[in-house]
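Work through the two exercises below with the coordinates open, and follow each solution step by step.

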Amino acid sequence: MDAILLQILNGLDKGGAYALIALGLTLVFGTLGVVNFAHGALFMLGAFCAVTVNQVIGLEQVTLDPNNLTPWGTPVEIREPYIVSWLGDTGHLILDYSVPVSILAAIPIMIVIGFIMERGLIQFFYKRPHAEQILVTFGLAIVLQEIIKTWFGANPLPQSPPTALRSAADIGVLVGFNPGEIVYPYWRLVYFVFSALVIGGVFAFLQLTTFGMVVRAGMADRETVGLLGIDIEKRFTLVFGLAAVVAGLAGVMYTPILPPDYHMGMDFLVLSFVVVVVGGMGSLPGAVAAGFLLGILQSFASMTEVKSILPGIDQIIIYLVAVVILLVRPRGLLGRKGVMEG
Amino acid sequence: MVDFLNPSRRGVLKGGAAIGAGLAAPTIFSSQAWAAEYLNKPTGDTVTFGFNVPQTGAYADEGADELRAYQLAVKHLNGEGDGGMLNTMKPLTLQGNGVLGKKVAFTTGDTQTKSDAARASAKRMIEKDGALMITGGSSSGVAIAVQSLCQEAGVIFMAGLTHSNDTTGKDKRRNGFRHFFNAYMSGAALAPVLKEAYGSDRKAYHLTADYTWGWTQEESIKNATEALGWETVEAVRTPLGAGDFSQYITPVLNSGADVLILNHYGKDMVNSLTQAVQFGLRDKQVNGKQFEIVVPLYSRLMAQGAGENVKGIFGSTNWHWSLQDEGSKAFVKSFGAEYGFPPSQAAHTCYVQTLLYADACERAGTFMPCGVVEALEGHEFDGMGNGPTLYRADDHQCFKKVLVVKGNENPTSQFDLLEVVQEVPAEAVTYDASIFGGELGDCNNGV
């Protein structure tokens, strides 16, 4: 039982990342009709926002100690971050919380990136076939990851969660288990709660605001909304920015779980597309539900008991589910009738 | 009499053949096809080495350091810089003016930590760039694939960081040589230290990278720890480059195991160790004992990536920059002066391999692979950082001291992350060459 609960928790935090990326992908597909293969790159760019913020606030003052030499004969370097020498303990605190602090920087940066991406390139492909959209956005993703590789190098850059959240919570005792039976890292719990809040926020925005109502109407019938005199294009540009922010935030908060490298967007993109297809192209609840579902399934497939019966199943489970869904219910779990069924 | 004004058809053919033969003769007799006794015989005043390292992928950190070391080795071989280990290497035939009178040039390739990409870049270096010797690799899968390619092509392969028993075991080749230690040696060196630190009543859980190196390390460590009396609870294979290991770590929590052995290296080890610590494994008490983590193959670069999570964790390593023998001190001084930080074990083995190859050519008096093989087989040397070392002729494996290290509890600098606990003598890690099978076969000159 404890093993099952732990794998569910694993699936939830992994599924949180899948759901956040798939949510943005679905928003863009549902509103703009664009299959955006550069969406994974937005996740990666978000992660590198966290890296950049950490590097900027961690800039160090280097002094040399002439009395202490390295084995190669140069004076030993004494390094102290400027922020610590200026702000003391507050500086330490800001450094410690650099990942959550990065969110403040990532939101405007991702809006700008999303806006440039949509206005500068993607808007010219709205009425072009999906194949062309895929080619151009895939090309864009490769360009973005190569830029990151040139700037930050090919190696992963580990980011630490705040010290207070580096250990594990004994959550089993809250539901009647013995102490130590179900422990789970604090940061992963934070990530799950964070993804749930962001998903809730996006849904509330789309359900409870006039802007969201127009976007939803545009997703259902773009032509009629246009006939009512509403500039739906302008709103869709903002939706692209929103999708970029969601993917970026997912990336920022994921950095303490997985050290970011230039390729991480591509790794998540393929999985997230599978999530969108399983959930139903254009269905926001479908994307979220499928994200969590596939995250949990992937975790269960990694259990030794399962792998001893079906070796290698952990590597293919997600694709296996996608094949079954496409054969049995091509529109996906919660997809609209007619989509992908024609 | 030949009528030049009215040539016959037969005459034109005869004359054409004679002129053709005359024009072709000089090139035929001087071309490599006739003159070379071996592939890529250097004809100019340089000799080309091929450095095939991972510049991207899971082992990119090691690859970058390997490349630095190769460049430093070339510098020293060509008589530039302070000479590094050329000042301590014994015996030494090299003069510090290149190899056999030729300056050393090099070409590089990115293995991407993938066997097919590594073979493609090695092939390019041999066929297009004329590389006479290929060296590098930070993955045993890659090393074995490239070693086999070099054997087929007829050039020498001097392995970089490869720790699988198979490299000089079932997949050994006559044209391939390994200075680095292997999984068997890690197990043999680590076991007594683990017994002393954690006792002989332990239950171990293995997480293993799912490729040749991981399999052989798991087997060797299992054999060594079970011989101590430890029980292996479970051994789970994880995909290379998995990134998030949470689904493999959670089953460890309540498995009854009190030791987690991470048969991971590079980025995988950094991720799995960090995540294992985040899951609270090091704070757990199981079977009345403190839960422990062991990383059988360590490197300073990995320790740097994993940060303070490595503190107190045992492992083994081929070499460490803090060693105080003359060879290590000379190399650390050269490398540190050049790059501003100490070399990793990957850098050390690559540097040493380049010097050993060059010295073997000098001793053999030729770059011909079969001559170099003969010079390296059974060669004994010292002054390269691990004490007296033998390149065993039976399997082309080096036998030397192995270091048991522990994550430093109180580091004095950003590089002072591992503490050498014990220098295990070569005799304690030596084994019968036949136990891992394989055949060296014949050497190949490539023509």
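Two residues are in contact if their C-beta atoms, placed from the backbone, lie within 7 Å. This is a predicted model, in which local features need pLDDT of at least 70, side-chain atom pairs count only at pLDDT 80 or more, and totals for chains, interfaces and linings use all residues. Residues are numbered from 1 along each chain as its sequence is written, and chains are lettered from A, ligands being numbered from 1, in the order in which they are written.

**Exercise 1.** Determine how helix H1 (residues 2-32) and helix H10 (residues 232-254) of chain A pack.

Solution. Helices (H or I, at least four residues) are DSSP runs, numbered from the N terminus, as are strands (E, at least two). The axes of H1(A) and H10(A) lie 9 Å apart at an angle of about 170 degrees. H1(A) is therefore roughly antiparallel to H10(A), a term for angles over 145 degrees. Among the residues that meet are A:Leu20, A:Gly24 and A:Leu27 of H1(A), and A:Phe236, A:Val239 and A:Ala243 of H10(A). By class, this contact has 16 nonpolar, 2 polar and no charged residues, where Ala, Val, Leu, Ile, Met, Phe, Trp, Tyr, Cys and Pro count as nonpolar, Asp, Glu, Lys and Arg as charged, and the others, Gly among them, as polar.

**Exercise 2.** Find which element supplies the largest share of the side of chain B that touches chain A.

Solution. The contact joins 32 residues of chain B with 31 residues of chain A. Elements of chain B that each supply at least two residues include helix H3 (60-77), strand E7 (231-238) and helix H8 (246-253). The largest share, 6 residues, comes from H8(B). The chain B side has 11 nonpolar, 13 polar and 8 charged residues.

Note on methods: Axes are lines fitted to C-alpha atoms, for helices over the stretch in contact, and angles run from 0 to 180 degrees between N-to-C directions. Angles under 35 degrees count as roughly parallel, over 145 as roughly antiparallel, 65 to 115 as roughly perpendicular and the rest as oblique.
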